[in-house]
Amino acid sequence: MIDTHAHIYTEKYADDRDTIIQRAFEQGVQKILMPNIDLASIEGMLSLEERYPTQCFSMMGLHPCYVKEDYQDQLAVITSNFEERSFIAVGEIGLDFYWDKTFEKQQYDAFEQQLRLARKYKLPVAIHMRDSIDQTLEVLADFKDVTGVLHCFSGNLEQANKAIDYGFLLGIGGVVTFKKSTLPQVIQEIPLSSMLLETDSPYLAPTPKRGKVNEPAFLSFIAEKIAVIKQVDVSVVIGETSKNAKQLFQLD
Ligand SMILES: [Zn+2]
């Protein structure tokens with residue numbers, strides 16, 4: 001399995017980071033993809049990649065919740081990182097209108113600037129959206145040459161089909177295991193070739209770990225849930241989604 005979205009560099013794991021990563025490997029997670037958040041998260045992320053060079057891979061980007069007054073300065077640093085070395089993706093980027101709309105205009109600008117980075121470096125993007133699926137899809141309509149993943153997808157079938165039509169994959173995480181989730185109905189209708197597995201650790205732990213600090217080892221609960229929904233063996237879900245991840249992020 002490949003966990004395509006995990007913030008394993010976060011302070012939350014300060015005391016047991018290596019244990020958590022080893023546990024993930026033991027549970028069949030072979031690779032962990034790390035989306036960046038802001039300038040403060042870069043150093044920890046890159047040192048983790050250095051420690052696990054064949055298993056942990058970095059993305060580079062500015063998360064929409066961290067777009068504030070100084071976003072242009074932050075983006076300048078993000079951009080210079082791409083000049084220095086290669087990353088597997090631009091991420092995570094996007095629009096979040098759930099917590100705060102103060103910087104709505106700046107969020108759009110940061111999102112578009114980073115989509116242009118993806119275009120320039122021919123990289124996929126990892127997109128975060130919250131209360132903003134339609135707005136995000138509207139922006140992506142102008143970037144049809146850019147592909148990537150809609151991380152933590154929780155939209156309806158129409159939105160899913162539009163994203164797939166734009167060449168995007170859907171990142172499926174713990175939400176699919178929640179009792180009241182409508183995601184299973186959507187997943188029934190879309191092919192495994194359009195899905196990626198992700199935990200979004202340390203957030204959104206899947207049932208039966210809901211409410212706990214999430215970790216990549218819990219990815220199997222998500223794969224198992226998708227297997228039940230699609231009525232296939234879990235090995236099929238793992239095989240297909242791993243293939244998708246390797247293709248999108250150009251992993252070996
Ligand atoms: Zn994230």
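Which residue in strand 7 is the bridge partner of Gly148? The answer is Phe168, and we'll come back to that pair once we've had a look around. First, a word on what you're viewing: this is a predicted model, where local features need pLDDT of at least 70 and side-chain atom pairs count only at pLDDT 80 or more, while totals for chains, interfaces and linings use all residues. Residues are numbered from 1 along each chain as its sequence is written.

Let's start with the whole protein. Its secondary structure comes to nine helices and eight strands; helices (H or I, at least four residues) and strands (E, at least two) are DSSP runs, numbered from the N terminus. The radius of gyration is 17 Å, close to the 18 Å that the globule rule gives for 252 residues, so the protein is as compact as a globular protein of that length. That radius is taken over C-alpha atoms, and the globule rule is 2.2 Å times the number of residues to the power 0.38. Along the principal axes, the C-alpha atoms fill a box of roughly 45 × 40 × 35 Å.

How much of the protein is buried? Of the 252 residues, 46% count that way. Here, buried means that 20 or more other C-beta atoms lie within 10 Å of a residue's own, exposed means 12 or fewer, and partly exposed is in between, with C-beta atoms placed from the backbone.

Now for the sheets. Strands of a sheet pair through backbone hydrogen bonds, either parallel or antiparallel. (Axes are lines fitted to C-alpha atoms, for helices over the stretch in contact, and angles run from 0 to 180 degrees between N-to-C directions.)

At one end of this sheet, six bridges join strand 4 to strand 5 (residues 125–130), and Gly94 has His128 as its bridge partner in strand 5. Strand 7 has strand 6 (residues 148–150) as a parallel partner, joined by three bridges, and that's where our opening pair, Gly148 and Phe168, belongs. Three bridges also join strand 7 to strand 8 (residues 195–197), again running parallel, with Gly171 standing opposite Leu196.

How does the chain get from strand 7 to strand 8? It crosses through helix 7 (residues 183–189), in a right-handed β-α-β crossover. Right-handed means that, with the strands pointing away from the viewer, the path from the first strand over the helix to the second runs clockwise. Strand 6, helix 6 (residues 157–165) and strand 7 make a right-handed β-α-β unit too.

There is another open sheet, with three strands in the order 1-2-3 and parallel pairing. Strand 1 and strand 2 (residues 31–34) pair over two bridges, and Ile2 has Lys31 as its bridge partner in strand 2. Helix 2 (residues 39–51) lies across strand 2 and strand 3, running at about 140 degrees to strand 3.

What about the inside? A nonpolar core is a set of buried Ala, Val, Leu, Ile, Met, Phe, Trp, Tyr and Cys residues joined through C-beta atoms within 7 Å. The largest one here has 73 residues, and those with the most contacts inside it include Val125 and Ile172. Two residues are in contact if their C-beta atoms, placed from the backbone, lie within 7 Å. Leaving aside neighbours within four places in sequence, the contacts of Val125 include Ala89, Val90, Leu115 and Gly148.

Most residues other than glycine have a negative phi, and most peptide bonds are trans. The bond from Ser201 to Pro202, though, is cis, with omega near 10 degrees, and another cis bond joins Thr207 and Pro208. Leu204 has a positive phi of about 55 degrees although it is not a glycine; this residue sits in the loop between strand 8 and helix 8 (219–230).

Conventions: Pairing = 2+ DSSP bridges.
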